[in-house]
Amino acid sequence: MSTSGGGELVFPRELRARLEAWARESYPLEACGLLLGRREGERVEVVDARRYPNAVRERAHERFELAPPDLMAADREARELGLSLVGTWHSHPDRPATPSALDRAAAWPDGVQAIVSITASGVSEVEAFLGERARPRERSSTPQRAARNAGSDVGGTVRR
Ligand SMILES: [Zn+2]
C-alpha cells in the first residue's frame with residue numbers, strides 16, 4: 001500500500017509525539033482518537049489531535065472503535081476552532097504501523113489514518129496515510145473553468 005494517494009499530507013512532528021505518548025499509556029490496549037485540521041483541495045494539514053476511549057469491548061488489544069458521542073463532540077470542537085475532522089488515529093500494540101484489512105475498510109475515503117506502533121519497551125513509530133480513494137473534484141471542474149475563460153476571450157476579440 002502506498003503512503004499517499006497523490007495528495008499532500010502535513011503532519012507536525014510534535015503531534016506524532018503526542019500520539020506516541022497516548023499509545024504508550026494505553027498499552028497493551030489500542031489507543032484511538034481523531035485528527036483535526038484543514039483541507040484545501042488535495043492538501044490536508046493535521047493541526048490537532050484528540051484522544052477518546054476505545055469503545056470496543058472485546059479484543060481491545062487489536063481493535064478500536066470511536067463512540068458516536070465522541071465523534072460528535074470532536075466535530076463540534078473542530079468547528080469551534082475553525083477546523084474540521086480530517087481523520088482518525090489509533091495504536092498497534094506489538095504490531096507494525098501498517099494498516100490492517102479492517103483499517104483499510106474503515107478508513108475515511110479522503111481522510112487521514114495515523115497508526116502508532118508501540119511495544120512493551122516503549123519503542124514507537126508513527127505512520128500516517130492519506131486516503132487512496134481521494135479523487136479531488138477540483139480536477140474535473142478545471143476544464144470547465146478553462147472553457148469558460150476561452151469563451152470570454154473570444155468575446156473579447158469580437159469587440160473592437
Ligand atoms: Zn489498526
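# Reading a predicted model, feature by feature

Pro28 sits in the loop between helix 1 and strand 2. The model is predicted.

Me: What is the form of the peptide bond from Tyr27 to Pro28, cis or trans?

Reply: Look at omega. The bond from Tyr27 to Pro28 is cis, with omega near 10°.

Me: Next, the strands. In which sense do strand 2 and strand 3 pair, and over how many bridges?

Reply: Strand 2 (residues 32-40) and strand 3 (residues 43-52) pair in the antiparallel sense, over nine bridges. Leu34 stands opposite Arg50 in strand 3. The hairpin of these two strands has two residues between them, and Gly41 takes a positive phi near 60° there.

Me: Over how many bridges do strand 2 and strand 4 pair?

Reply: Strand 2 and strand 4 (residues 84-93) pair over six bridges, again in the antiparallel sense. Here Leu36 stands opposite Leu85 in strand 4.

Me: Which residues have the most contacts inside the largest nonpolar core?

Reply: First, the general idea. Nonpolar side chains tend to be buried together in soluble globular proteins. In this model, the largest nonpolar core has 30 residues. Leu19, Leu35, Val112 and Ala114 have the most contacts inside it. Among the elements that give two or more residues to this core are helix 1 (13-26), helix 2 (68-80) and strand 6 (124-130). Strand 5 gives the largest share, five residues.

Me: Which residues does Leu35 touch, leaving out those up to four places away in sequence?

Reply: Leu35 touches Val46, Ala49, Val86, Gly87, Thr88, Trp89, Val112 and Ala114. Two of these, Val112 and Ala114, are also named among the core residues with the most contacts.

Me: Is Leu9 buried or exposed?

Reply: Count the C-beta atoms around it. Leu9 has 21 others within 10 Å, so Leu9 is buried; the cut-off is 20 or more. Leu9 lies in strand 1 (residues 8-10).

Me: How far apart are Leu9 and Leu130 in sequence and in space?

Reply: They are 121 residues apart in sequence. In space they are 6.8 Å apart, C-alpha to C-alpha.

Me: Back to phi. Where does Arg59 lie, and is it buried or exposed?

Reply: Arg59 lies in the loop between strand 3 and helix 2. Its phi is near 55°, a positive value in a residue other than glycine. Arg59 counts as exposed because it has 10 C-beta neighbours inside 10 Å.

Me: What is the phi of Asp94?

Reply: Asp94 has a positive phi of about 60°, although it is not a glycine. Asp94 is found in the loop between strand 4 and helix 3 (101-106). With 12 other C-beta atoms within 10 Å, Asp94 is exposed.

Note on methods. Residues are numbered from 1 along each chain as its sequence is written. This is a predicted model: local features need pLDDT of at least 70, side-chain atom pairs count only at pLDDT 80 or more; totals for chains, interfaces and linings use all residues. Two strands pair if DSSP finds at least two bridges between them. Helices (H or I, at least four residues) and strands (E, at least two) are DSSP runs, numbered from the N terminus. A nonpolar core is a set of buried Ala, Val, Leu, Ile, Met, Phe, Trp, Tyr and Cys residues joined through C-beta atoms within 7 Å. Two residues are in contact if their C-beta atoms, placed from the backbone, lie within 7 Å.
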